[in-house]
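Q: Hi! Could you walk me through this one?
A: Happy to, here it is.

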Amino acid sequence: MFEMYVETGGKRLRCGYTTGSCSAGAAKAATMILFNHVETLSEIEITSPKKINIAMPIKSIVKCEDYIECTIIKDSGDDPDSTRGIEIKARVRRITEDFNQVEDDDMVVLKGGIGVGTVTKEGLFVAKGEPAINPIPRKMIREEVMKVMPHGERVEVTISIPQGIEIAKKTFNPRLGIEGGISILGTTGIVYPMSEDALRASIKLEITQKALNNKRLVLTFGNLGDNYCKALKFKEEEIVICSNFIGFALETCVSCKVKSIIMVGHIGKMSKIAYGCFNTHSRVNGVRLEVFGLELALLGYDISLVEKILKEKTCEGAVKMLGDGYSKLYENIGKKIIQRISEYVYGELEVEAVMYYGASEPSLLWKSYET
């Protein structure tokens, strides 16, 4: 069992591991057995993107003439995750066909099997037609397989989730254009069990600590935003991850005597703030594309463009569909974000904002200040 714990709300809770970690572990185990002729394997260990070792028990191993398939059970720890207990399988087949010189990424051909969704729309973090395995899990799978695969070999890795089709019906995947199963997710590889109260307590603690030495804080939504903030050269000691609880984080900043904040985030979340939403969870507020549509209408664009935008599945898709030439749109949204935050804190904070799009390779859309 993976033994990692966090203290939340006065309780000691066990962490779990993501579907991305399970996929990487199952693929690594199958590769080891395939090439090293291991008779049995009870456990596999991988390294998470945060450099934490995760040991996972292997539920079953299937050996066939041309492939090995390993199964790992998703363990969410003490987090009430909808994917808790599901089987995640990785089938690894050695590719024996002739091939010319290829890059390292091509040494591991990744496919989606039953229960792994397929991306059917543009605008997500994975290209249309590809299995819904997000960029970081893809990287984890490739890296772990390459660790144990002999040099010069090439493999096909197929990830499948037997219960994925049923679980997908309870998610937003169909609405986003992911069909036939669930997505393989996880930016850290680890599931941290936290209630909303405990999460707020964690945010408050981080702001309180960092406000002691910083009168300016940089607020962002999650790990992707945290990475982008660091790419922008902000210091770790001034960056606070506040999840969806923007309003709570702002109130805490005021009470801790912070003088100014920079709000950094993906346009999908940031656009909600522009229209007064300070809890940006999708189940609380789904207004995103409507912000694009209204702002385009206010700028005088034809209603046909507004209708096209509203038919997109994500803000990511909307940005890509629009292409270049819409800097005024992002500027107007950005200015409204600053105005809304300033109003929310009654002018007690100086406010700047940065908006980007993209996951594996974020791109700046707008910022309110000069570097």
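Q: How do strand 16 and strand 18 run, and how many bridges join them?
A: Strand 16 (residues 216–220) and strand 18 (residues 260–266) run parallel, joined by four bridges. Strands are DSSP runs of E with at least two residues, helices are runs of H or I with at least four, and both are numbered from the N terminus. Two strands pair if DSSP finds at least two bridges between them.

Q: Before going on, what kind of model is this?
A: It is a predicted model: local features need pLDDT of at least 70 and side-chain atom pairs count only at pLDDT 80 or more, while totals for chains, interfaces and linings use all residues. Residues are numbered from 1 along each chain as its sequence is written, and side-chain values use heavy atoms, with hydrogens and water left out.

Q: Thanks! Which residue in strand 18 does Leu-219 stand opposite?
A: That would be Met-263.

Q: And what packs on that sheet?
A: Helix 7 (residues 246–255) does, touching strand 16 and strand 18, and its direction makes about 170° with that of strand 16. Contact means heavy atoms within 4.5 Å. Axes are lines fitted to C-alpha atoms, for helices over the stretch in contact, and angles run from 0 to 180 degrees between N-to-C directions. Helix 8 (residues 267–274) also packs on the sheet, where it touches strand 18, strand 19 (350–357) and strand 20; its direction is at about 125° to that of strand 18.

Q: What's the strand order there?
A: The order is 17-16-18-19-20, an open sheet of five strands with mixed pairing. Strand 17 (239–241) and strand 20 (363–367) each have a single partner strand, so one side of each is left without a neighbour in the sheet. From one strand to the next, the twist averages 25°.

Q: Switching topic: at what angle do helix 9 and helix 12 pack?
A: Helix 9 (residues 289–298) and helix 12 (residues 327–344) pack at about 115°, and their axes are 10 Å apart. The two helices are therefore roughly perpendicular to each other, a label that covers 65 to 115 degrees, with under 35 roughly parallel, over 145 roughly antiparallel and the rest oblique.

Q: Which residues meet there?
A: On the helix 9 side, Val-291, Phe-292, Glu-295, Leu-296 and Leu-298; on the helix 12 side, Leu-329, Tyr-330, Asn-332, Ile-333 and Lys-336.

Q: How do strand 6 and strand 7 connect?
A: They form a hairpin with four residues between them, and they pair in the antiparallel sense over four bridges. Lys-63 has Ile-68 in strand 7 as its bridge partner.

Q: And strand 7 with strand 8?
A: Strand 7 (residues 68–73) and strand 8 (residues 87–94) are also antiparallel, over six bridges. Cys-70 is partnered by Ala-90 in strand 8, and Glu-69 by Arg-91.

Q: Is strand 7 buried or exposed?
A: Mostly covered: five of its six residues are buried. Buried means under 20% relative accessible area, exposed over 50% and partly exposed in between (1.4 Å probe, protein chains only).

Q: Last one: what does Ile-44 contact?
A: Leaving aside neighbours within four places in sequence, Ile-44 is in contact with Gly-25, Lys-28, Ala-29, Met-32, Ile-54, Ala-55, Met-56, Ile-58 and Ile-72.
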